[in-house]
There are 2 protein chains.
Amino acid sequence: MHTVFVYFIGSAGSGKTFLTKAMADWFDYKSIDNVIVNLDPGAENLPYNPEIDIREYFTLEDIMLNYGVGPNGAQIISADLIATKIDELKNEVEYYDVPFILVDTPGQMELFTLRESSNVVIDSLGKERSVMVYLFDPVVAKTPSGFLSLLFMSSSVIFRLNLPQILVLSKSDILSKEERERIIKWSEDPEEIYDSLHTFSIPGLQKNLGIELFYLLKDLGLFRPIMPVSAVENIGFEDIYEGIMELFYGGEDLEEILY
Amino acid sequence: MHTVFVYFIGSAGSGKTFLTKAMADWFDYKSIDNVIVNLDPGAENLPYNPEIDIREYFTLEDIMLNYGVGPNGAQIISADLIATKIDELKNEVEYYDVPFILVDTPGQMELFTLRESSNVVIDSLGKERSVMVYLFDPVVAKTPSGFLSLLFMSSSVIFRLNLPQILVLSKSDILSKEERERIIKWSEDPEEIYDSLHTFSIPGLQKNLGIELFYLLKDLGLFRPIMPVSAVENIGFEDIYEGIMELFYGGEDLEEILY
């Protein structure tokens, strides 16, 4: 069987690193082999021990010192440098014969989604066996306009990376039950999000948003039900797993494929 | 007359800082008073001397030292801290009686667009007199899927910040004449971008993109003609200026309003 690469992507502070760890723990608990790759050269105090770690090649500190730049400049340089280490990373990855490789991406989302080196990494490791788990930040997602903003941002990342996407509501434990349910409803039903938004008008736009937009995005597959996850409450991992299995194995359980 | 706040927003490396400087130079050349605000606590080697500077209150270095965190953590903390300095910033801003205040935002776009403090800043300084200039990174914009990705990302920022938006093709001097013209055509005509994309299919999406999407986004005002700008070739500033005047003064020239 071939390895599936799962990229965890979301804006800074959305909880990628903790979700990566919690997903690995869940796989361990289910006795499903997995490996973690850390692609963030600026990562500090990781809650997991990655089997593969970009920081073994360079760190943000190295770049700041070697190039004489501050954090802003170092982040851009290091994002671009990841591509130059792709042969080494690929060698390391090929050492592992596991069903799942979990890839934790740089803290600032745009360093991964908008720099060209991410496409080099995804292509080299195996694009056709890759999926992204996209994290909605719960604080942003709980207002209708914030939800809409994340919907467009997650779509933007689909167009950029050209990968299938599983949408998750990250750190859903920090939301009240009502907030969580409302966000899930918005993601399931164009009428629900439209009703919450229809008094909403934006300066510079020609008219208010129409419901057609949501139906169109739904038809395209850009507007999809979101899965609440929480590393604290230990929920959502089965859903992510099933989402991945559905994409790559038509929903068959891994045990049936492996044995 | 009231001051107009112009926020320069775009992903890391898209050229916000140089565009801010070049716009200020253009205003100076036209003898239009203007002030620059730097909101990036991690800015290094700015090409301009900002009249107002968040770094006078704190820098990314300060945060790293005081909180014992690395650059990733410091960026998030400092983005949130900007809101705590809003009274001081507002006092400074009110000292200037100028028609335009140009605001250079943090290097990593999501630190401004997705953290709550940006809404505090925009509201306090005066939301109804604010506009964003959104920069399309020319390297990303030159492929059809990259263009589409930026279109969704810029729309995402409209929903998040709820401000009118002027779209510019940043650093357009690094593109060939053909590339530049193609991008402008894509932004002007749904048929053009659709034709470039129609062989494009995305794993996990139900079907290929239809042209309806672009017509719908155009009707909404999310899909708009982009203005090429270049600080090197000194083009596009008149267009940005006219775009701002159109929004706030119905297109009247400032001289007619001032005198």
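Helices here are DSSP runs of H or I with at least four residues, strands are runs of E with at least two, and both are numbered from the N terminus. This is a predicted model, in which local features need pLDDT of at least 70 and side-chain atom pairs count only at pLDDT 80 or more, while totals for chains, interfaces and linings use all residues. Residues are numbered from 1 along each chain as its sequence is written, chains are lettered from A and ligands numbered from 1 in the order in which they are written, and side-chain values use heavy atoms, with hydrogens and water left out.

**View 1. A:Asp25 and A:Lys21 pair up within helix α1 of chain A.** Let's start with a salt bridge, meaning a side-chain nitrogen of Lys or Arg within 4 Å of a carboxyl oxygen of Asp or Glu. A:Asp25 and A:Lys21 make one, with 3.0 Å between the closest N and O atoms. The two sit 4 residues apart in α1 (residues 16-29), so about one helical turn separates them. A:Asp25 is partly exposed at 35% relative accessibility, and A:Lys21 is partly exposed too, at 25%. For these labels, buried is under 20% relative accessible area, exposed is over 50%, and partly exposed is in between (1.4 Å probe, protein chains only). Across all chains, a search of the whole structure turns up 20 salt bridges.

**View 2. A:Glu116 reaches A:Arg160 in a salt bridge.** Here the closest N and O atoms are 3.1 Å apart. A:Glu116 belongs to the loop between α5 (109-113) and α6 (117-126) of chain A, and A:Arg160 to helix α8 (residues 144-161), so the pair ties together parts that are 44 residues apart in sequence. A:Glu116 is partly exposed at 43% relative accessible area, whereas A:Arg160 is buried at 9%.

**View 3. A:Lys142 and A:Glu179 join a loop to a helix.** This salt bridge spans 3.8 Å, N to O. A:Lys142 comes out as partly exposed, with a relative accessible area of 34%.

**View 4. Chain B meets chain A.** The contact (heavy atoms within 4.5 Å) takes 59 residues from chain B and 60 residues from chain A. Together the chains bury about 4,900 Å², 63% of it on carbon and sulfur atoms; buried area is the accessible area (1.4 Å probe) that two parts lose on being put together, summed over both. There are 0 salt bridges between the two chains, but 18 residue pairs are in polar contact, with both residues at pLDDT 80 or more. A polar contact is a pair of N or O atoms within 3.5 Å; within protein, one must be able to donate a hydrogen and the other to accept it, and residues adjacent in sequence count only if both atoms are side-chain atoms. On the chain B side, α8(B) gives the largest share, 11 residues.

View 5. A rotation of 180° with 0.0 Å of shift along its axis puts chain B on chain A, with an RMSD of 0.0 Å.

**View 6. B:Leu135 and B:Ser170 touch in chain B.** B:Leu135 lies in strand β5 and is buried at 1% relative accessible area. Leaving out residues up to four places away in sequence, its contacts include B:Phe8, B:Lys16, B:Val168 and B:Ser170. B:Ser170 sits in the loop between β6 (165-169) and α9 (177-188) of chain B and is buried at 2%. Among the contacts of B:Ser170 are B:Ser14, B:Pro138 and B:Val229.

**View 7. Helix α6 of chain B is mostly covered.** In this helix (residues 117-126), 7 of the 10 residues are buried, among them B:Val121, B:Ile122 and B:Leu125. Those buried residues pack against β1 (4-9), α3, α4 (86-94), α5, β5 (130-136) and α8 of chain B.

Note on methods: Least-squares fit on C-alpha atoms with pLDDT ≥ 70 in both.
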